[in-house]
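I opened this notebook to keep track of what I looked up in one structure, entry by entry. Each entry holds a place in the chain and what I found there.

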Amino acid sequence: MNWPDLLKQISQEVLSDPEFIDGNASNILRNKYRQSGWLGEPGATEQEILNLEQRLGVKLPSSYREFLLTANGFGPIDYFTYWLRSCTKVDWLVNTDKDLVELWESDVETIPSVPDEEYFRYDDSQIDGQVRGEYFRGCLMISDWGDAGFLALNPAVQHDGEWEAWHFANWMPGANRYRSFAELMQEALSSYRELKQEESESDESEK
């Protein structure tokens, strides 16, 4: 993954979006980024990432590590995710939103675990929002809450060393899942471009 290029593309899309410049979402965009053309902070140092890994007690997956080395805090990435956290703010979901985890876990016994043949789908055949409740407590929260949702990494499911990435939101069941953080970010940009185009066409049709 070429993180500088991907994050530059996201920055360009957001900074050319009327919704973020003059629309209802303009308050989400931090003023100092409007002039710089870059929506993030400078990359973390190797020592800062090592400190994070020591605090968490795990080795982070490579795509997320490389992202932090490029931007130690970044956002918004679209209409739904406002800020990807810096090293000092990243933490286990159970530490940041314990009540939410316990609420989810209270439903685990009444919701059958998703079988492998249904769970390991990462294309258009993935069943919307299908997750396994037993993974909630182990998720790593990597973003602030955005539009009633956030991003998390799930170390319980790995693909070639990458942790499964989740986009959770209250307005959809469960979570949308990806094989890696890099895959999630690529899809976020693609989906954002499509939605942005739809918004533009809608505005034009109303004129």
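I looked up Asp160 and found it in the loop between S3 and strand S4 (162-169), where helices (H or I, at least four residues) and strands (E, at least two) are DSSP runs, numbered from the N terminus. The model is a predicted one, in which local features need pLDDT of at least 70 and side-chain atom pairs count only at pLDDT 80 or more, while totals for chains, interfaces and linings use all residues. I also noted that residues are numbered from 1 along each chain as its sequence is written, and that side-chain values use heavy atoms, with hydrogens and water left out.

Asp160 counts as exposed at 85% relative accessibility; buried means under 20% relative accessible area, exposed over 50%, and partly exposed in between (1.4 Å probe, protein chains only). Its phi is near 55°, a positive value in a residue other than glycine. I wrote this down because most residues other than glycine have a negative phi.

Ala148 sits in the loop between S2 and S3 and is partly exposed, with a relative accessible area of 27%.

**Entry on Asp147**

I then turned to Asp147, which lies in the loop between strand S2 (140-141) and strand S3 (149-159) and counts as partly exposed at 30% relative accessibility. Which residues is Asp147 in contact with, leaving aside its neighbours within four places in sequence? I found Tyr79, Phe80, Tyr82 and Trp171, taking contact to mean heavy atoms within 4.5 Å. Asp147 and Thr81 are 66 residues apart in sequence, yet 6.6 Å apart in space, C-alpha to C-alpha.

**Entry on Gly138**

Gly138 is in the loop between helix H8 (116-119) and S2, and with a relative accessible area of 30% it is partly exposed. Trp92 is 46 residues from Gly138 in sequence and 6.9 Å from it in space, C-alpha to C-alpha. Trp92 is also one of the residues in contact with Gly138 once neighbours within four places in sequence are left aside, and Leu153 and Pro155 are the others.

**Entry on the cysteines**

How many disulfides does the structure hold? I found zero, a disulfide being a pair of cysteine sulfur atoms within 2.5 Å. For Cys87 the closest cysteine sulfur is in Cys139, 19 Å away, which is too far for a bond. Cys87 is buried at 4% relative accessibility, and Cys139 is buried with a relative accessible area of 1%.

**Entry on the cis peptide**

I checked the bond joining Gly75 and Pro76 and found it to be cis, with omega about 5°. Pro76 is in the loop between H5 and strand S1 (91-92). I kept the record because most peptide bonds are trans.

**Entry on H1 and H5**

For helix pairs I noted two values, since two packed helices are described by the angle between their axes and the distance between the axes. Helix H1 (residues 3-15) and helix H5 (residues 62-70) pack at about 65°, with their axes 10 Å apart; axes are lines fitted to C-alpha atoms, for helices over the stretch in contact, and angles run from 0 to 180 degrees between N-to-C directions. H1 is therefore roughly perpendicular to H5, given that angles under 35 degrees count as roughly parallel, over 145 as roughly antiparallel, 65 to 115 as roughly perpendicular and the rest as oblique.

On the H1 side Trp3, Pro4 and Leu7 meet Ser63, Glu66, Phe67 and Thr70 in H5. The residues of this contact of H1 with H5 divide into four nonpolar, two polar and one charged, where Ala, Val, Leu, Ile, Met, Phe, Trp, Tyr, Cys and Pro count as nonpolar, Asp, Glu, Lys and Arg as charged, and the others, Gly among them, as polar.

Further along I looked at Ser11, which lies in helix H1 and is buried, with a relative accessible area of 0%. Not counting residues up to four places away in sequence, Ser11 touches Gly37, Trp38, Leu39 and Phe74.

**Entry on H4 and H5**

Helix H4 (residues 46-56) packs with H5 at an angle of about 135°, with the axes 10 Å apart, so H4 is oblique to H5. Glu46, Ile49, Leu50, Leu52 and Glu53 in H4 meet Arg65, Leu68 and Leu69 in H5. By class, I listed five nonpolar, no polar and three charged residues in the contact of H4 with H5.
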